[in-house]
Amino acid sequence: MSEQSIAAARASVMIYDDFARKWVASGTSSGVSKVHVYHHTANNTFRVVGRKIQDHEVVINCAILRGLKYNQATPTFHQWRDSRQVYGLNFTSKEDAEVFSNAMLLALDTLSTLGE
């Protein structure tokens, strides 16, 4: 398999609702998910995939693209946007947040050096 998880963390996956101007749970219900940063080694691409721990519902499947702005708003709440929406992760611990952010920053650094 050419895609591998380079980090996994526990977090509630949120989507920003522009119309209601508030964060809402991604998926059919709220709850903690296992969120991975995957690296496709053959294509040198990255994506974030999260599945709800309780029922395994996929609540996020988002490509990490060069130039993405990753914002660590608080030690346990991080966010970013793609062309369609704003994603937020409310981590269960600072340690989970650190593991995830280190992988995101590694992915973004790798992608930025590829574009040079």
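**Exercise 1.** Find the bridge partner of Asn-71 in β7.

*Solution.* Start with the ground rules: this is a predicted model, where local features need pLDDT of at least 70, side-chain atom pairs count only at pLDDT 80 or more, and totals for chains, interfaces and linings use all residues. Residues are numbered from 1 along each chain as its sequence is written, and side-chain values use heavy atoms, with hydrogens and water left out.

Now look across from Asn-71: its partner in β7 is Gln-79. Next, zoom out to the strands (DSSP runs of E, at least two residues, numbered from the N terminus). β6 (residues 71-74) and β7 (residues 77-81) run antiparallel, joined by three bridges; strands pair if DSSP finds at least two bridges between them. Finally, trace the link: a hairpin of two residues takes β6 into β7.

**Exercise 2.** Work out why the buried residues of α1 line one face of the helix.

*Solution.* First, pick out the buried ones (under 20% relative accessible area, 1.4 Å probe, protein chains only). They are Asp-96, Ala-97, Phe-100, Ser-101, Ala-103, Met-104, Ala-107, Leu-108 and Leu-111.

**Exercise 3.** List what Met-104 touches, skipping residues up to four places away in sequence.

Conventions. Buried < 20%, exposed > 50% of the residue type's maximum accessible area, 1.4 Å probe, protein only. Helix = DSSP H or I, 4+ residues; strand = E, 2+ residues; numbered from the N terminus. Arc of directions from axis to C-beta. Contact = heavy atoms within 4.5 Å.
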